[in-house]
Amino acid sequence: MEKKNNLKTLTTVLSQYYQDNDRQKLNQLTQLLQNDTIKNPSDPFMRHYYLMSLSTLYHLDFLVASIDDQNELIDYFFNISYWQFYDLCLLANVVNMIHVERITPYIFDILKQYATNNMPRASVETVSKILINALETSIIQKKDDFTRYLLDKIKKYKFNTDDFKFQTWLLFWTGVFENNNNKVRHAYSIATYLHQNITLKNFDKFLTITQTPSPFFEDTKKDTPKS
């Protein structure tokens, strides 16, 4: 129970720092957790907490982790036979700093588990975060085959069709990937109607950081889905 409470507290703090774009607090927390891992070298959870904080910091600039850090995480995920809440939370919070092709089999495993088991609601919400972050990461890394693969799998498994927030994000990433401004605008409209202010803020953040032209000004741009 303590591990789960610590994890929930950490993810809440990391999410808030990310939304606030607070590099100073993220740097401080990452350094603190790194020091704790040095003091407790035999505690794998402390190490994971540090990597989650580091990943959140990297997420601000879409940076990728070192190969050593990626290998450490992949080695951990490789040994998972049944994805539990802790494992899902870890992947959700580090997926953005891993080369996306390396996580393909694990995402497929998770979606198969979703399709064949009754996942607790909290786990489904965490899987939603994994998928949304993986789509973002694949688009940033320009891994079109992975993006297409993931969109197809989500459709195949009819993932979380009753979650409006997830479906709004899915519509947004589909529109970005397909270069379809109508879909992006539709995602903005849904998020606005549902008063999803954090979602709208994150839409804006992605478009700004990646210097993506605004979908609301497209005098000469034609919506042309990727083949």
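Is aspartate 61 buried, partly exposed or exposed? Aspartate 61 is partly exposed, with a relative accessible area of 37%. On this scale, buried means under 20% relative accessible area, exposed means over 50%, and partly exposed is anything in between (1.4 Å probe, protein chains only).

Before we go on, a word about what you're looking at. This is a predicted model, where local features need pLDDT of at least 70, side-chain atom pairs count only at pLDDT 80 or more, and totals for chains, interfaces and linings use all residues. Residues are numbered from 1 along each chain as its sequence is written, and side-chain values use heavy atoms, with hydrogens and water left out.

Back to aspartate 61, which has a partner: arginine 23 forms a salt bridge with it, and their closest N and O atoms are 2.8 Å apart. The two come from distant parts of the chain, since arginine 23 belongs to helix α2 (residues 23-39) while aspartate 61 sits in the loop between α3 (44-59) and α4 (67-78), 38 residues apart. Helices here are DSSP runs (H or I, at least four residues), numbered from the N terminus. Arginine 23 is partly exposed too, at 33% relative accessible area. And what counts as a salt bridge? The rule asks for a side-chain nitrogen of Lys or Arg within 4 Å of a carboxyl oxygen of Asp or Glu. By that rule, the count is 8 salt bridges.

Now find arginine 47 and aspartate 69, whose side chains meet in another salt bridge (3.1 Å, N to O). Arginine 47 is in helix α3 and aspartate 69 in helix α4, so this pair ties together parts that are 22 residues apart in sequence. Arginine 47 is partly exposed at 24%, whereas aspartate 69, at 12%, counts as buried.

Arginine 121 lies in helix α7 (residues 121-140) and aspartate 163 in the loop between α8 (144-156) and α9 (164-178), so the pair joins parts that are 42 residues apart in sequence. Arginine 121 is partly exposed, at 42%, but aspartate 163 is buried, at 15%.

Let's finish away from the charges. Leucine 194, in the loop between α10 (181-193) and α11 (197-209), is partly exposed with a relative accessible area of 32%.
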